[in-house]
Amino acid sequence: MNNILTHFGAGDKIDIKQVGEKYGSGDSLQNTIIAIINAVVGVLALVCVIVIIIGGVNYMTSSGDAGKVKKAKDTILYGVIGLVVCVLAFAIVNFVITNIIGAK
């Protein structure tokens, strides 16, 4: 938005694109798939971080109860495992699409 406002203020002409057309360059189907997968993996990573935070809060409020402490530690562990899986999925998908399929 700031970029558009600076061009408008400078008196530059702004090209108006059709709905769904991206500014800058024409996107291919592969780049669109990469963007969608990266967004999904990002949301899943955010969920994992939230699970880790919930586990930490549960651990802090367990008051020394052994059952609650174990449940909180397990929640943290599962959140960390999920985060590692998200990072690996992100790396594998980007590697496969860019090197094997040949997207830019």
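Mentor: Let us begin with Asn-94: leaving aside neighbours within four places in sequence, Asn-94 is in contact with Ile-34 and Asn-38, where contact means heavy atoms within 4.5 Å. This is a predicted model, in which local features need pLDDT of at least 70, side-chain atom pairs count only at pLDDT 80 or more, and totals for chains, interfaces and linings use all residues. Residues are numbered from 1 along each chain as its sequence is written, and side-chain values use heavy atoms, with hydrogens and water left out.

Trainee: Why is Asn-94 called buried?

Mentor: Buried means under 20% relative accessible area, exposed over 50%, and partly exposed in between, with a 1.4 Å probe and protein chains only. Asn-94 has 17% relative accessibility, so Asn-94 counts as buried.

Trainee: What makes the pairing of the Asn-94 and Asn-38 side chains a polar contact?

Mentor: A polar contact is a pair of N or O atoms within 3.5 Å; within protein, one must be able to donate a hydrogen and the other to accept it, and residues adjacent in sequence count only if both atoms are side-chain atoms. The value for these two side chains is 3.5 Å, and the contact is listed as polar.

Trainee: Why is Val-93 called partly exposed?

Mentor: Val-93 has 23% relative accessibility and therefore counts as partly exposed. Its C-alpha atom is separated by 8.6 Å from that of Asn-38, 55 residues apart along the chain.

Trainee: Which helix holds Val-93, and what makes a run of residues a helix?

Mentor: Val-93 is in helix H3, residues 66-101. Helices (H or I, at least four residues) and strands (E, at least two) are DSSP runs, numbered from the N terminus. On that basis the protein has three helices and zero strands.

Trainee: How do you know that the length of H3 agrees with expectation?

Mentor: The expected span is 1.5 Å times one less than the number of residues. The 36 residues of H3 should span 52 Å, and the end C-alpha atoms are 51 Å apart, which agrees. For H2, with 32 residues, the reach is 47 Å, close to the 46 Å expected.

Trainee: Against which helix do the buried residues of H3 pack?

Mentor: They pack against helix H2 (29-60). The buried residues of H3 include Val-69, Gly-79, Cys-86 and Ile-97. In H2, Ile-34, Val-41, Ala-45, Cys-48 and Gly-55 are buried, and what covers them includes H3.

Trainee: What makes the pairing of Asp-74 and Lys-70 a salt bridge?

Mentor: A salt bridge is a side-chain nitrogen of Lys or Arg within 4 Å of a carboxyl oxygen of Asp or Glu. The N to O value for Asp-74 and Lys-70 is 3.1 Å, and their side chains meet in a salt bridge. The structure holds one salt bridge. The two residues are four apart in helix H3, so about one helical turn separates them. Lys-70 has a relative accessible area of 52% and is therefore exposed, whereas Asp-74, with 24%, is partly exposed.

Trainee: Why is Leu-88 called partly exposed?

Mentor: Leu-88 has a relative accessible area of 48%, so Leu-88 is partly exposed. Leu-88 is one of the residues that make a nonpolar surface patch of about 740 Å², among them also Val-80, Phe-95 and Ile-101. Patches are made of residues with over 30% relative accessible area and no salt bridge; like charges are joined within 9 Å, and nonpolar side chains (Val, Leu, Ile, Met, Phe, Trp, Tyr) within 5 Å.

Definitions and conventions
Areas by Shrake-Rupley, 256 points an atom, 1.4 Å probe, with all protein chains shown as cover.
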